[in-house]
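This report goes through a protein model, from the overall fold to single residues. The sequence and the structure come first.

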Amino acid sequence: MVQKGRQLGRKLGFPTANVPLADYVAPTFGVYATRTRLADGRELPGVANVGVNPTTGQVEPRLEVWLFDFDEDIYGETIETDLVAFLRPEEKFPSIEAMVDQIRIDARRARDMLGAW
Ligand SMILES: Cc1cc2nc3c(=O)[nH]c(=O)nc-3n(C[C@H](O)[C@H](O)[C@H](O)COP(=O)(O)O)c2cc1C
């Protein structure tokens, strides 16, 4: 179920939907090209981090997905995200700027893989 994050991603240029992993089996932490089904059945491409965000201050393990070209309020909705391809392990970056640069590259790779331009 989508919960409110710290709203930092939005300020950095990539709004994300946060889903706590709590009761789920956790996959390898890292970044994945994804497809997400919303409660209404729409299926959207995106890029997700599964992990604990070591760069911006540790959080509980969660899936955090940036749905491309999407700007609707889905807090409280149950979504289903397929991890289509592993892109890289989660890293602790020396600065937020360095992380944002890498996330832009991740997003381009995910769009290429998913044919989502
Ligand atoms: C595609 C993608 C890749 C990410 N990769 C990392 C990473 O390697 N290391 C890290 O510490 N956080 C990573 N993050 C998480 C960001 O730190 C996080 O989105 C940001 O702190 C905003 O968090 P918030 O949603 O709680 O506001 C990634 C997020 C996304 C969407």
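Helices (H or I, at least four residues) and strands (E, at least two) are taken as DSSP runs and numbered from the N terminus. On that basis the protein follows the pattern α-β-β-β-β-β-α along the sequence, with two helices and five strands. The radius of gyration is 13 Å, close to the 13 Å that the globule rule gives for 117 residues, so the protein is as compact as a globular protein of that length. Here the radius is taken over C-alpha atoms, and the globule rule is 2.2 Å times the number of residues to the power 0.38.

The model is predicted: local features need pLDDT of at least 70, side-chain atom pairs count only at pLDDT 80 or more, and totals for chains, interfaces and linings use all residues. Residues are numbered from 1 along each chain as its sequence is written, and side-chain values use heavy atoms, with hydrogens and water left out.

## Overall properties

The C-alpha trace spans about 40 × 30 × 25 Å along its principal axes. The accessible surface comes to about 6600 Å², and 52% of this belongs to carbon and sulfur atoms. Accessible areas come from the Shrake-Rupley method with a 1.4 Å probe, and for residues only the protein chains shown count as cover.

A residue is called buried under 20% relative accessible area, exposed over 50%, and partly exposed in between (1.4 Å probe, protein chains only). Of the 117 residues, 44% count as buried. Contact means heavy atoms within 4.5 Å. Among contacts between residues at least 6 apart in sequence, 62% join residues at least 24 apart.

The protein has 14 positive and 18 negative charges, whose mean positions are 4 Å apart. Lys and Arg count as positive and Asp and Glu as negative, while His and the chain ends are not counted. The place of a charge is taken as NZ of Lys, CZ of Arg, CG of Asp or CD of Glu.

## Strands and their pairing

Two strands pair if DSSP finds at least two bridges between them.

| Strands | Sense and bridges | Residues opposite each other |
| E1 (residues 17-20) and E4 | antiparallel, four bridges | valine 19 and leucine 63 |

A further bridge links asparagine 49 to its partner in E4, glutamate 64. The hairpin of E2 and E3 has five residues between the strands, and there glycine 41 takes a positive phi near 95°.

Strand E3 covers residues 43-51, and eight of its nine residues are buried, so E3 is largely enclosed by the rest of the structure. In E4, six of the six residues are buried, so E4 too is largely enclosed by the rest of the structure. In a regular strand the side chains alternate between the two faces of the sheet. From E4, Arg62, Glu64 and Trp66 point one way, Leu63, Val65 and Leu67 point the other way, and all are buried.

Methionine 1 is placed in the segment before helix H1 (8-12). Its relative accessible area is 48%, which makes methionine 1 partly exposed. Not counting residues up to four places away in sequence, methionine 1 touches Asn18, Val19, Pro20, Gly76, Glu77 and Thr78. Methionine 1 and arginine 88 lie 25 Å apart in space, C-alpha to C-alpha, and 87 residues apart in sequence.

Glutamine 3 also belongs to the segment before H1 and is partly exposed, at 41% relative accessible area. Neighbours within four places in sequence aside, glutamine 3 is in contact with Asn18, Pro20 and Tyr75. Between glutamine 3 and valine 25 there are 18 Å in space, C-alpha to C-alpha, for 22 residues in sequence.

What is the phi of glutamine 7, which is not a glycine? Glutamine 7 has a positive phi of about 65°. This residue is likewise in the segment before H1, and glutamine 7 is partly exposed with a relative accessible area of 32%.

Asparagine 53 has a positive phi of about 50° and is not a glycine either. Asparagine 53 sits in the loop between E3 and E4 and is buried, with a relative accessible area of 10%.
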